[in-house]
Amino acid sequence: MTDLHLFWVIQLAPLLAFLLIQVLPKTINKVAPAIGMAFSLTAALASLNLSFAHSQGAGLPVEFSRQWLVVADYAVWPNIPVPHYTLSVGFLLDPLNLLMITLVTTISFFVQLFSFYYMNEDPSRPRYFGFLSFFSFSMTGLVLSNNLLQTFLFWELVGLTSYLLIGFWFEKKSAATAARKAFVINRLADLGFYLGIILLFLLFGTLGFATLKADALRNVLGHGTLTLIGLLIFCGVMGKSAQFPFHVWLPDAMEGPTPVSALIHSATMVAAGVFLLARAFDLFSASHTTLLVILSIGAITALMSATLAAIQRDIKRILAYSTVSQLGLMVMAIGAGSAESGMFHLSTHAYFKSLLFLTSGAFIHRFHTNDIWEIADRGGKKDAVALGCLAFGLLSLSGVPPFAGFFSKDLILEVLKHHGGIFFYGVAVLVSFLTAYYSFRLFFVIALSKIGHEVRAHHESLTLKISRALPLFSLAALSLITGFTGHAFHLNMELLITTVILVVAGGALAYSQFKDPAAAEAALRGNQGFIFKILERKFFMDDAYDFLVKKVGLALGRWLNAFDRAVINSLMVNQTSFSVMRLGRVVSRLQNGLLQDYLAWAVGIGILIVFCFL
Amino acid sequence: MMENIVFFGVVALTLLGAFLAVSLRNVFYNALALVLCLFGVACLFIFLNSEFLAVMEVIVYIGAISIAIIFAIMLSTPMLQKTEAPQDRLKTLRSFVIAALLFGGLFKALQKTTWPAAGVDGDYSLHAIGRLLLTGQVLPFEAVSLVLLVAIMGALLLAEKK
Amino acid sequence: MSAAQSLSSYLLISAALFSIGVFGLLSRRNLVAILISLELILNSASLNFVAFNKFSLVDKALGQVFAIFIIALAAAEVCIGLSLILLLHRKKDSINVDEARELRG
């Protein structure tokens, strides 16, 4: 099979699955999971085939592009030497998205497999698997597309599926609210993205990634314009990758089913922002101001959410804040000018974070609670499979060598040390320390607690057991080996020591606080300190949004409402209709039903016309 | 000279008939005045060398149409008591002004125009009319016959007692 | 030239007939009277045709043919008109045109 065939298979297999599941008769919709899994396995195998064919970047980049629209074949903008404006559609494959496409399709397959276990009691499973397949379709489209507009299209589609899946249990009010929150915040951010695309197209004339090169951009556009475009597009990234101040939707998005969180809200969709940063890296790196803003936003996000992760009780929220924090680290790396290290961390993070989410799903499904103390209380540490995988994922997350997280985080630290300046390096070090702290905290609480009211596992069939364990083990293995696939694989002794010290310090701090989890919980309840309160309220971000929406927004809305009623409605709309009515009343007197009056008008006007010609 | 006297007599007859046909209050008298007017027009047709038309005018118009109108009057109004309610003065005035203006306009147009002239001699015969009806004007002829058919059917349908 | 042998005298008569017809059309309230006025108008038209036939046409049958058409159409018109009047009379017990004004705005 040629590359193009493989592209089509990867792109269309999930869509086909989605459509098949939609038309499935109700009587046999039990096979929906099988359809979803089969097609996502197809896509995964196709992308593996692709990545073996191009291992070590052989024969890349490959582009299949077709001209779609010639918007204008003359320069429409004064002083900008753009001779024509064309839009194209197509596939572009380079080492960057080869990595990404493999990651998306494999994780998508594992998550579908795990979902078979996780959702096996849910009556609306076909809908779930349909949406999941549709998400895979959108995500592969996003990754494979060769220009910004096509990316944007699929970007919106993944946003939509994210909304649908967060609100999958829409009868639950909190889930519906969370879905709406995610949707609205993302649309707000995407507005910036879209404006950026329009501006870029107006001024540059093409949106193909292959043509967005730093030199070409600098030749055509000024520094200010480039910064503006970069920041507008980064706005979309901030929404999708949950960067400050748009990060508030991601923790709430945990209302969705846990495998969805693993696939969409940790591994793939939220990473799309980082992916876009790397994909259109020249667009951002063309202006050092943009890079500095990206770096700062990443730093704020990483630090803020790492501290928040350290106080959460809900296992999924811990992981969610951790995701935000890690995304912040990736954004920092790219802001410091190294797209490779950001993407490397993205890929390792995708594997171990989806592993962690699936593990948390395994806990939640068995113990019916999200609270880590309750999980521990109900016998969390007896679930050897889940606990082992949790340990695996957490070790990787906190950056213990030789797990994958170690290599990628090391690389980021190195990049920040050399290119980011001492301040941002310090932030990253602090974040690494906090990461180790909350990882070990999570582990210790579950592993060291005494078991209170033990919950025995239901009897599970062999299929269910396999669909539970297989994805966990596979992802655990992947989160071990992906570390060694990095292009810039090397060991820096100094950084190794730094990392180990950070991990040990974080672990030690966590151990000292949580060696007796029950006591620690009591202490936690008693602690109402100032900092703790700030953390509890998530740095007042939700309150700030609340204020913005409820006070400022409502006041504005009230004013606009009054304006609408007084000026638009009564003055303009109603007066228009009233005047038409008045005119109509006058004219309708002509239509009085008297035949001879009509005749008189007709003959009279006819005579007038005759006189005009005389 | 004699011709002129007769001509003016006929014209006076026609216009008087016309005037009475629209101005008398009683509809029955109107119908009778219409007969007078139509008779005058038939005489004018003779002055215009169209004897066949004059005969047709008398037979069809006076003999059929006017009689039909009189029948309608008989059917719809008890004859002698039906003097119309007094006319609306304003309406009469308005109608008069419009009619006068119309006449003025037509008169002026008549004066300003020079009409093409051809000799008065020619074949006015019934023979020529019949030939023309079935050759050059056969299409309008057929159309008119169709209209007549439809009109008769329509009239039957409309006047049918439900 | 005698008045009987000039085109314009016939046209003048025709114009007078037409105006009288219009006057009746606009002023009378009785529908039968309106129909009578219409007959006057039609007659003025056919008088015109025949007059032009004599003084302006080469083919002396053509104008007469059209006068015949007018007579035929007048017959049809009266036929329909009278049945409409009868219908109205049956419905409203009146043939006053001012009372048939259901379509007023």
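Is A:Pro251 buried or exposed, and how many other C-beta atoms lie within 10 Å? Some notes on that and on the rest of the model follow.

1. The answer for A:Pro251 is buried, because 26 other C-beta atoms lie within 10 Å. For the cut-offs: a residue is buried if 20 or more other C-beta atoms lie within 10 Å of its own, exposed if 12 or fewer, and partly exposed in between, with C-beta atoms placed from the backbone.

2. Before going on, keep in mind that this is a predicted model: local features need pLDDT of at least 70, side-chain atom pairs count only at pLDDT 80 or more, and totals for chains, interfaces and linings use all residues. Residues are numbered from 1 along each chain as its sequence is written, while chains are lettered from A and ligands numbered from 1 in the order in which they are written.

3. Back to A:Pro251, which sits in helix H9 (residues 249-252) of chain A. Helices here are DSSP runs (H or I, at least four residues), strands are runs of E (at least two), and both are numbered from the N terminus. Setting aside neighbours within four places in sequence, A:Pro251 is in contact with A:Arg317, A:Ala320 and A:Tyr321; contact means that the C-beta atoms, placed from the backbone, lie within 7 Å. A:Ile318 is 67 residues away from A:Pro251 in sequence, yet 8.6 Å away in space, C-alpha to C-alpha.

4. Chain A as a whole has 24 helices and 2 strands. Of its 614 residues, 50% count as buried. Among the contacts in chain A with a separation of 6 or more, 81% are between residues 24 or more positions apart.

5. Chain C has 3 helices and 0 strands, in the pattern α-α-α along the sequence. Of its 105 residues, 57% count as buried.

6. Now the interfaces. Between chains B and C, 73 residues of chain B are in contact with 63 residues of chain C. On the chain B side, H3(B) gives the largest share, 13 residues. By class, that side has 56 nonpolar, 12 polar and 5 charged residues. Ala, Val, Leu, Ile, Met, Phe, Trp, Tyr, Cys and Pro count as nonpolar, Asp, Glu, Lys and Arg as charged, and the others, Gly among them, as polar.

7. H3(B) packs with helix H3 (residues 62-92) of chain C at an angle of about 5°, with the axes 10 Å apart. Axes are lines fitted to C-alpha atoms, for helices over the stretch in contact, and angles run from 0 to 180 degrees between N-to-C directions. That makes H3(B) roughly parallel to H3(C), a term for angles under 35 degrees. The contact of these two helices has 20 nonpolar, 3 polar and no charged residues. Among the residues that meet are B:Phe52 and B:Leu53 in H3(B), and C:Gln64 and C:His89 in H3(C).

8. Between chains A and B, 7 residues of chain A are in contact with 8 residues of chain B. The chain A side has 6 nonpolar, 1 polar and no charged residues.

Terms used:
Contact = placed C-beta atoms within 7 Å. Parallel < 35°, antiparallel > 145°, perpendicular 65-115°, else oblique.
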